[in-house]
Amino acid sequence: MANKTMKVSENIPGPYFVDTDCIACELCVDTAPGHFKMTDDGQPHAYVFKQPQTDEEKDNCEDALGACPVDAIGNDG
Ligand code: SF4
């Protein structure tokens, strides 16, 4: 389970977040490219750049959350 006290700093505020356990596998970016991006400098990791608004977008983020191999994606909404 992702830890909301360990969010990466790049997350945009809102319910979905990536924490520091991310291993940069990029699966969330492939699954929900409208919401997750990889950093392109320093230690590579994913972050949430857009929170979901519609039910379809929420489904995409939930799919990414479920697919993350290290449970680094959280939803504290
Ligand atoms: S799926 Fe999980 S481990 Fe992979 S890049 Fe996304 S947050 Fe990181």
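What takes the space of the largest cavity? The ligand does. A cavity here is a set of points, on a 1 Å grid over the protein atoms alone, where a 1.4 Å probe fits but cannot get out. Before the first selection, note that this is a predicted model, in which local features need pLDDT of at least 70 and side-chain atom pairs count only at pLDDT 80 or more, while totals for chains, interfaces and linings use all residues. Residues are numbered from 1 along each chain as its sequence is written, and side-chain values use heavy atoms, with hydrogens and water left out.

**The ligand and its cavity**

Nonpolar covers Ala, Val, Leu, Ile, Met, Phe, Trp, Tyr, Cys and Pro; charged covers Asp, Glu, Lys and Arg; the others, Gly among them, are polar.

Next, display the cavity itself. Rolling a probe the size of a water molecule over the atoms shows where empty space is left. The structure holds one cavity of 30 Å³ or more. The volume of the largest cavity is about 100 Å³, counted as the space filled by probe spheres set on grid points that are joined across faces, edges and corners. Its lining, made of residues with an atom within 4 Å of a point, consists of 15 residues, with Cys22, Cys25, Cys28, Ala46 and Cys68 nearest the centre. Of the lining residues, 14 are nonpolar, none is polar and one is charged.

**The segment before β1**

Move to Asn11, which lies in the segment before β1 (16-18); strands are DSSP runs of E with at least two residues, and helices are runs of H or I with at least four, numbered from the N terminus. Is Asn11 buried or exposed? Asn11 counts as buried because its relative accessibility is 13%, where buried means under 20% relative accessible area, exposed over 50% and partly exposed in between (1.4 Å probe, protein chains only). Its side chain reaches the backbone nitrogen of Val48 at 3.0 Å.

In the segment before β1, also select Met1 and Met6. Met1 is exposed, at 89% relative accessible area, and its C-alpha is 16 Å from that of Ala46, 45 residues away in sequence. Met6 is partly exposed, at 29%. From Met6 to Tyr16, ten residues apart in sequence, the C-alpha distance is 13 Å.

Most residues other than glycine have a negative phi. At 22% relative accessibility, Ala24 counts as partly exposed.

Now select Asp71, in the loop between α2 (55-67) and β4 (73-75). Phi of Asp71 is also positive, near 55°, and this residue is partly exposed at 39% relative accessibility.

**Helix α2**

Finish at Ala64 in helix α2. Ala64 is buried, with a relative accessible area of 1%.

Note on methods: 1 Å grid on protein atoms, 1.4 Å probe; cavity = no way out; pocket = protein on both sides within 12 Å on 5 of 7 lines; lining within 4 Å. Sits in = over half its atoms within 2 Å of the grid points. Polar contact = N/O pair within 3.5 Å; in protein donor to acceptor, adjacent residues only side chain to side chain.
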